[in-house]
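Trainee: I have a new model open and would like to walk through it with you. Could you show it first, and then we can start with how its parts touch one another?

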Amino acid sequence: SKIHRCARSLRLANSRASIAHVFMAWYGWPRMKVLRVIYHSQSGNTERLARAVVRGAEFDGSVQVVCSRAFETSLEELLRAAGVVFATAEYNGYMSGALKDFFDRTYEPARGHVTGKPYAVVISAGNDGTFANQYIERIARGYELKRIAEPTIIVGAVTPEAEARCEELGELFAAGLELGIF
């Protein structure tokens, strides 16, 4: 909508983008690539990490970043994204049930349509996050997604340093999408 394009234009203008970038965003040409951050959080820790990824990815305004809860994210939104970050808490050595539900709902219809799509993983872990990551990696191989970074596993409390790591991941992902590296 025009309101969304205007907001995007203002965001671009505030990030020191050129007049040409503002013009292109206002008129929707060319379309910006979309980085989707899909997360589930009960305590708020994983949401803080997901929001940090968003802050990093939005740093220079080169990509559109959309953050959504796993239960609310559709197959169509996965297909439209140029890249995806999966953020989850570790529960008993496994990913959240909401993220697993997302994978269950989208796996079969997405297969063959997301091959090579870049992704990254963020885990808020009470233990070590190893098994939660292994399960996500296994599912991602079935989708034929392409991992672009080592998993960001935050053990224990979410600190400013942990948020900074997630911001760096977001910035890296956005830059890679913009440059066509991923």
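Mentor: Let us begin with a term: a contact here means heavy atoms within 4.5 Å. This is a predicted model, and in its protein chain, residues 24 or more positions apart account for 78% of the contacts with a separation of 6 or more.

Trainee: OK, and how many helices and strands does the protein chain have?

Mentor: There are seven helices and six strands in the protein chain, and along the sequence they follow the pattern α-α-β-α-β-α-β-α-β-α-β-β-α.

Trainee: How much of the chain counts as buried?

Mentor: Of its 182 residues, 46% count as buried, while the chain as a whole exposes about 9,300 Å², with carbon and sulfur atoms supplying 54% of that area.

Trainee: Let's look at E3, then. Is that strand mostly covered or mostly open?

Mentor: Strand E3, which spans residues 83-89, is mostly covered, with seven of its seven residues buried. Gly-83, Val-85, Ala-87 and Ala-89 point one way from E3, whereas Val-84, Phe-86 and Thr-88 point the other way, and all of them are buried.

Trainee: And which strands pair with E3?

Mentor: Strand E1 (residues 34-39) runs parallel to E3 and is joined to it by five bridges, with Arg-36 standing opposite Val-84. Strand E4 (residues 118-125) also pairs with E3 in the parallel sense, over six bridges, and there Ala-89 stands opposite Ser-124. Between E3 and E4 the chain crosses through helix H5 (residues 97-110), and this β-α-β crossover is right-handed.

Trainee: Switching to H6: how far does that helix reach?

Mentor: Helix H6 covers residues 130-143, 14 residues in total, and it reaches 20 Å from its first C-alpha to its last, close to the 20 Å expected at 1.5 Å a residue.

Trainee: Which of its residues are buried, and why do they end up on the same side?

Mentor: The buried residues of H6 are Ala-132, Asn-133, Ile-136, Glu-137, Ile-139, Ala-140 and Tyr-143. They cover an arc of only 165° around the axis, which puts them on the same side of H6. As a general point, an α-helix has 3.6 residues a turn, so residues three or four places apart point the same way. On the other side of H6, Arg-138 and Arg-141 are exposed.

Trainee: What do the buried ones pack against?

Mentor: The buried residues of H6 pack against several elements, among them E3, H5 and E4, as well as helix H4 (75-80).

Trainee: Last one, what follows H6?

Mentor: Glu-144 follows H6, and its phi is positive, near 70°.

Note on methods
Residues are numbered from 1 along each chain as its sequence is written. This is a predicted model: local features need pLDDT of at least 70, side-chain atom pairs count only at pLDDT 80 or more; totals for chains, interfaces and linings use all residues. Side-chain values use heavy atoms; hydrogens and water are left out. Buried means under 20% relative accessible area, exposed over 50%, partly exposed in between (1.4 Å probe, protein chains only). Helices (H or I, at least four residues) and strands (E, at least two) are DSSP runs, numbered from the N terminus. Two strands pair if DSSP finds at least two bridges between them. A crossover is right-handed if, with the strands pointing away from the viewer, the path from the first strand over the helix to the second runs clockwise. The expected span of a helix is 1.5 Å times one less than its number of residues. The arc is that of the directions from the helix axis to the C-beta atoms. Accessible areas come from the Shrake-Rupley method with a 1.4 Å probe; for residues, only the protein chains shown count as cover.
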